[in-house]
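Hello,

Here is the structure we spoke about. My notes on it follow below.

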Amino acid sequence: TGIAVDPYTDVVYVTGGTTVAGVGAYSSLSDLQSFPVADAHYDYCTATGDGLASALAGQLASFTVTCKDVLGQSPLTGSVYASITGVIALTPTITAVTDSSGVYKGTYTANQAGTYQLQITVGRGTAAQRQVIPGGTYTLTVQPGATSPDNSYWWGAALTVSTSGNMGAFTILARDALGNRRPGGDEVDVLVYLASDASVFPTPGQVSDVGDGSYEVQYRITRAGSYTVEITLASELGADAPSLFVASAPVDITMSYAYGAVLRAAAGASSSIYVQTRDSFGNKALVDPTAFPDGFEQVDFELCLTLGTNDARSCRGGEIDSGLSVTVSYGSWPPNSPDDDGSPAYGLYTITYFPFSDGNYFPLVRHNNTPVPCAFDMPVDQAQQDPGTVAADACIEEAQTTSRRRRLA
């Protein structure tokens with residue numbers, strides 16, 4: 001019989017031996033048996049430390065393993081290992097705190113949040129030869145780090161385009177610096193600023209915490225135009241401030257008004273009246289003249305000898321002057337207009353009419369076959385200027401009040 005220890009593989013080999021075949025009958029064996037060497041002190045190892053059960057993504061976590069021999073003394077030798085499996089596989093670094101103390105420190109950094117299993121083993125040789133220390137398997141939870149606005153993102157059609165008066169909505173997803181989804185509970189603020197006028201108070205978004213790191217945002221803006229959306233996460237402004245365009249709502253014919261040569265014109269010469277179309281919130285109809293050179297609205301002009309009371313009929317049922325040339329165009333400012341700021345003349349129609357005969361007439365401007373309630377007469381020898389929304393709204397309100405009184409009478 002022979003016994004040998006391989007110090008490189010930590011395996012004990014036993015050769016030879018005898019066997020009994022019968023009474024007084026012995027024979028020798030040529031068998032070779034191998035036995036892996038285990039650390040005798042593995043049953044006396046314990047592990048402690050926060051890093052056994054929890055960690056923060058991107059930050060170093062640690063735990064301590066302390067081993068004793070059967071006599072309760074610090075072992076002179078020992079091999080401690082640890083492994084982490086789950087979202088990804090990790091191998092913690094194990095180092096002896098001091099030589100021959102039996103105390104080992106394990107460290108690791110997990111970048112991905114999630115649930116893992118951490119296992120600690122001792123023993124020499126291959127992984128198959130090692131044994132798990134008592135209670136040496138742990139459930140490890142890696143939490144995401146602090147919210148990073150630069151690594152969070154937001155999406156939704158209403159983040160870039162919306163319509164006046166409509167409720168716009170988009171979603172924010174909060175993440176940490178490593179891209180891990182936050183669990184929710186962050187302070188999130190959304191403010192929508194009018195790009196053309198910094199003095200206008202911003203519209204706050206209504207933020208709802210879904211509870212899984214995402215946030216639903218709603219807003220309602222009635223003023224058409226270009227806006228900037230500022231998103232603040234955990235008191236830090238996001239680097240990406242989306243540009244939002246709020247389109248005008250559908251045109252409301254009751255909000256249209258006219259201005260220009262309404263009450264004074266010369267026979268044998270062209271005169272112009274300008275019709276501003278708007279939505280129910282008073283926004284100019286944002287129809288791009290470049291894309292839609294004729295606009296979308298039906299605008300007409302009648303020169304009446306007499307007026308009736310039926311709005312649905314020409315001259316409200318009165319007599320119309322048939323000797324009149326009328327053309328309608330879209331998207332141009334009046335010549336030398338102080339309103340021309342270089343932007344398109346959104347929602348503005350130009351009526352050019354040419355009366356052939358002198359006389360007294362009743363001018364009637366129609367928008368989609370409905371008489372425009374307010375028409376402002378401007379001096380023909382001056383540049384034509386929009387009377388402004390305040391004057392237009394006041395005139396329309398007065399006209400509507402008068403109409404209601406007339407119906408009650």
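Cys45 is buried, because its relative accessible area is 2%, and buried means under 20%. Please keep in mind that this is a predicted model.

Cys45 is joined to Cys67 by a disulfide, with an S to S distance of 2.0 Å. The link of Cys45 and Cys67 is right-handed, with 110 degrees about the S-S bond. Cys45 lies in strand S6 and Cys67 in strand S8 (residues 60-67), so the pair ties together parts that are 22 residues apart in sequence. Cys67 also counts as buried, at 1% relative accessibility.

The count of disulfides comes to 3. Another one is formed by Cys304 and Cys315, with sulfur atoms 2.0 Å apart. This pair links distant parts of the chain, 11 residues apart: Cys304 is in strand S26 (residues 299-304), and Cys315 is in the loop between S26 and strand S27 (324-330). The link of Cys304 and Cys315 is left-handed, with -90 degrees about the S-S bond. Cys304 is buried at 0% relative accessibility, and Cys315 is buried with a relative accessible area of 0%.

A disulfide also joins Cys374 to Cys395, and that link is left-handed, with -105 degrees about the S-S bond. Cys374 is buried at 1%, whereas Cys395 counts as partly exposed at 23%.

On the surface, Tyr44, Val70 and Leu71 form a nonpolar patch with about 340 Å² of accessible area together. Tyr44 is in the loop between strand S5 (32-36) and strand S6 (45-48).

Regards

Conventions
Residues are numbered from 1 along each chain as its sequence is written. This is a predicted model: local features need pLDDT of at least 70, side-chain atom pairs count only at pLDDT 80 or more; totals for chains, interfaces and linings use all residues. Side-chain values use heavy atoms; hydrogens and water are left out. Patches are made of residues with over 30% relative accessible area and no salt bridge: like charges are joined within 9 Å, nonpolar side chains (Val, Leu, Ile, Met, Phe, Trp, Tyr) within 5 Å. Accessible areas come from the Shrake-Rupley method with a 1.4 Å probe; for residues, only the protein chains shown count as cover. A salt bridge is a side-chain nitrogen of Lys or Arg within 4 Å of a carboxyl oxygen of Asp or Glu. Helices (H or I, at least four residues) and strands (E, at least two) are DSSP runs, numbered from the N terminus. A disulfide is a pair of cysteine sulfur atoms within 2.5 Å. Buried means under 20% relative accessible area, exposed over 50%, partly exposed in between (1.4 Å probe, protein chains only).
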